[in-house]
Amino acid sequence: MSTVIQHELIGRFREVVDDDALLHAPEELFVYECDGYVVEKKAPDVVLLPTSTEQVVRIVKLCHEFGVPFVPRGAGTSLAGGCLPVGGGVMIALTRMHRILDVYLRDRYAVVEPGLVNIHLTRHLKGTGYHYAPDPSSQGACTIGGNVATNSGGPHTLKYGVTVNHVLGLEVVLPDGSVAELGGPAEDVPGYDLTGLFVGSEGTFGIVTKIIVRITRDPAAYRTMLGVFETVADATRAISKIIGAGIVPAALEMMDQGIIEALEAAFHFGFPLDAGAVLLIEVDGLEVSVADEAHQIVKLCEDAGAREVRRADSDTERQLLWKCRKQAFGAIGRLSPSYCTQDGVVPRTKLPEILDFITESGARHNIRIVNVFHAGDGNIHPILLFDERDEDQIARVMKASDEILGKCLELGGSVTGEHGIGVEKINFMDKLFQPNDLAVMADVRMAFNPDGLCSPRKMLPTAGACGMESIERSHPGKQAAS
Amino acid sequence: MTTTTVETSEEFVPATPAELSRFVAECSDMRMPICPIGGRTSLNYGYPLARECQKVSTAKLTDIVDYPSRDMTITVEAGIRMDELAKALKAENQRLPIDIAQSYRASLGGAIATNTSGPRRFGCGTFRDYVIGISAIDAGGRLFSAGGRVVKNVAGYDLCKMLVGSLGTLAIITQVTLKLRPQPETSALVWQTFDSYEQIDNLLGRLLTSEARPVAVEVLDARAAKLISSEARADLPADNPVVCLGVEGTNREIEWQVAKLKHESKPFEPIAVCEAAGDTTEPLWKALTEFETSSDDLLTFKANFLPSRIVEFCKMATASGIAIQAHAANGIVIGHVADEISSVEQAANTIAPLRRFTRQAHGNLTILQCDSTWKQSLPIFGDPEPSWPLMRELKSRLDPHNLLNPGQFIHGSINDTMSANA
């Protein structure tokens, strides 16, 4: 953005939002220069913190008028650079739109603003017998608007589905500043499922300003278990046996030795430090069924060679186990100064193969890799440890990451299960999809975002409306500035 | 939905998606509109086609491409009959838990394009929850894919969602990857009749925090109940409105849940309480699924609105002599309008207050089936929704010459304007 335009635009923004909702001094913008993917950085020229749909509309209309690109942002917990302002421009941070507008228990839905922190909704519903099912590990910080953008998952999505399975309708500000209502609180609204199409569009279709979410009945009972295995191979064999037996656990998570060590140091749960892998397994449902299923799971784990299967006897113990799992990423600080989390998916029967490959790739590039992931749906999260001050390490991390994701594709999987394409994986899109697929996706984006001003250079390996030139990925991580 | 007889001789029946892709591209070059055909169960759905169309059938696209049952996914061509698919899945003790009427004829692609569902949708969801990968051919003949073959995947736009319920107006679905579920050990249905709709309303409220987890919550008026009971050859009490609750799971779970549901219903004083279990269950599930297509009445509608308003709607509809089946916990009502109605004016007058009601209850009313001469005078897809302009924009981006099922969907007359300008 040129200084002249920036100056004039800021003047116009002042008419829309209060001074404390308009940031443009370089030191104020630092925090907005990246999300959880720290390899690429680019600060926006201006950050706005609107508090209403009307303000978002006015901001977007001004961006449109000035031809300036804009990008929405939630809490910035995304892990693929989804809210990175590629090439600069205006960032619209929605964290001040965080109200729960309505809860209708009888109709099983709630209406929330995009900046609402995920866990706040479930906390608000406590005691009603209902909760909001999608539970990303970052749920204590991430926003539901951000979850909609990336179609977030979480441990319990194995049984309950990802964000899109729980969104009934959206109010969105389209890139031309018009407001559209998609779906609604009733099911089966006549017409195309634009709500389903919008969820997971990573901010490239417009800005979500209101979300109608389905709320889910609490399970009557849980059983939470920790299977301890000598090797990762034994643990993956147990996963295969459980799924093969027709049991759909509420969650089925694997942690390898590297991550167990960090977790134990952080939380003192009593994890066995010499175990090759542990499985965190939860079944939920009716009291009459969970006991049977838990019993069956213990047996299947033992058949697969488990050293022991511990049960969480109290709710406190269960909560602690889940806290360990969900804060695993926080504990990584004990292992290295920086990390890069990958998000590949393979058919779950291919887990042993991909895990072997990860170990081998880490060794070859001399990068330490630890694993904590959603084993039940084949969604791996290898965490590559490095020091971002060392350019050579970054280059090796990128290389190993690319190899691992390439292997996921070779095994019939995908390069992202829940984190999104963002800027990180944009160069995988033409490996994952054929030119026709990408051309149809580009046409679909044109229906929502014809000028390409909203989240440019995201998701598709083309610039969108104008240009259509390809972005070259220059290692390490310089594309954001382009 | 009644069957329309289609001239089979003029149909193009490709053996492979590539062949279909080439054919559609040729049609597109000649600006020849196309009507995709699956199992011919819903050809009468929507507005009549605005122009004469070249018919293309998926009848030969029936291969099971890949069924890695341990991964609980299957990739199949879209022309496969629902019964054939169910049979293949059953052999591995798995299923796609979506109820499809006329499943012996209905094709998977057609069921997805019409977003068909039934009583189990409360517990099991609908197609949008199961289609994880899709291949289709757009109006220009481009064969494209989205999603993939793994159960969790957010790469690229979710064109699976876009095509579910798109009625063949955006693309012709050729291949689908589905997420699967294990086959439950058994199931049961608890059938209870009630004196008044007020008691039913109270029971529905109670069920929100039931200790059991029914997968189906059906409300039937006496007319629908009679039809369904007789269709199932079950001889169930049907002189009063019915609440029918379905549960699935292990034998132990079923036993426990049936007892629990009966106990929880007691305060609302059911007149009769029956249970379909064992061999009698399957015919009753089937009859509940087939109701939508089982009537000879002149008009069948589907209303969608807030579930809390179900009973009010049922009372209004029953007073007009409409036979109704409600997937009550989802706020979906199927209604067959009485045969005494013989003119389009009468039909419009009968449904007008119901339409107004659904609008007030955040919903709409779609006509699934009626005399084809009435269609231009009735709002087939209900009152305009605020997102329809955006949908038209999407249609025009993907099908700029309006060649796929022209005029059939919400676009109606707008489509014709579009094609006139093209």
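Reader: What should I know about the numbering and the kind of model?
Author: Residues are numbered from 1 along each chain as its sequence is written, and chains are lettered from A and ligands numbered from 1 in the order in which they are written. This is a predicted model in which local features need pLDDT of at least 70, side-chain atom pairs count only at pLDDT 80 or more, and totals for chains, interfaces and linings use all residues, while side-chain values use heavy atoms, with hydrogens and water left out.

Reader: How many residues of chain A are in contact with chain B?
Author: 87 residues of chain A are in contact with 75 residues of chain B, where contact means heavy atoms within 4.5 Å. The two chains bury about 6,600 Å² between them, 58% of it on carbon and sulfur atoms; buried area is the accessible area (1.4 Å probe) that two parts lose on being put together, summed over both.

Reader: Which residues in chain A lose the most area to chain B?
Author: Arg106(A), Pro190(A) and Tyr192(A) do, together giving 14% of what that side buries.

Reader: How many salt bridges are there between chain A and chain B?
Author: The count is nine. A salt bridge is a side-chain nitrogen of Lys or Arg within 4 Å of a carboxyl oxygen of Asp or Glu. Over all chains the structure holds 54.

Reader: Which salt bridges does Asp188(A) form?
Author: One joins Asp188(A) to Arg121(B), with the closest N and O atoms 2.8 Å apart. Another joins Asp188(A) to Lys302(B), at 2.7 Å from N to O. Asp188(A) lies in the loop between β9 (179–183) and α7 (194–198) of chain A and Lys302(B) in strand β14 of chain B, so this pair joins two chains. Helices (H or I, at least four residues) and strands (E, at least two) are DSSP runs, numbered from the N terminus.

Reader: Is Lys302(B) buried or exposed?
Author: Lys302(B) counts as buried, at 17% relative accessibility. Buried means under 20% relative accessible area, exposed over 50%, and partly exposed in between (1.4 Å probe, protein chains only).

Reader: And which salt bridge links distant parts of chain B?
Author: Glu211(B) and Lys260(B) meet in one, at 3.7 Å from N to O. Glu211(B) is in the loop between α6 (197–207) and β11 of chain B, and Lys260(B) is in helix α8 of chain B, 49 residues apart. Glu211(B) is partly exposed, with a relative accessible area of 40%.

Reader: Which residues are joined into one network by salt bridges that share partners?
Author: Glu187(A), Asp188(A), Arg214(A), Arg121(B) and Lys302(B) are.

Reader: Turning to the sheet in chain B, what is the order of its strands?
Author: It is an open sheet of eight strands in the order β13-β10-β12-β11-β15-β16-β14-β17, with antiparallel pairing. Two strands pair if DSSP finds at least two bridges between them. β13 (272–277) and β17 of chain B stand at the edges, each with a single partner strand, so one side of each is left without a neighbour in the sheet.

Reader: Which strands pair with β14(B)?
Author: β14(B) (residues 299–304) pairs with β17(B) in the antiparallel sense over six bridges, and six bridges also join β14(B) to β16(B) (residues 332–337), again antiparallel. Thr300(B) has Gln369(B) as its bridge partner in β17(B) and stands opposite His336(B) in β16(B).

Reader: Where is His327(B), and what does it touch?
Author: His327(B) is in strand β15 of chain B and is buried, with a relative accessible area of 3%. Not counting residues up to four places away in sequence, His327(B) touches Gly118(B), Pro119(B), Arg121(B), Val217(B), Glu218(B) and Ile332(B).

Reader: Back to chain A: what covers the buried residues of α10(A)?
Author: The cover includes β12 (221–229), α8 (232–244), β14 (277–285) and β15 (308–311) of chain A, together with α8 (251–265) of chain B. Among the buried residues of α10(A) are Val288(A), Ala294(A) and Cys301(A).

Reader: What follows α10(A)?
Author: Just after α10(A), Gly305(A) takes a positive phi of about 100°. Likewise, α3(A) is followed by Gly67(A), whose phi is positive, near 65°.
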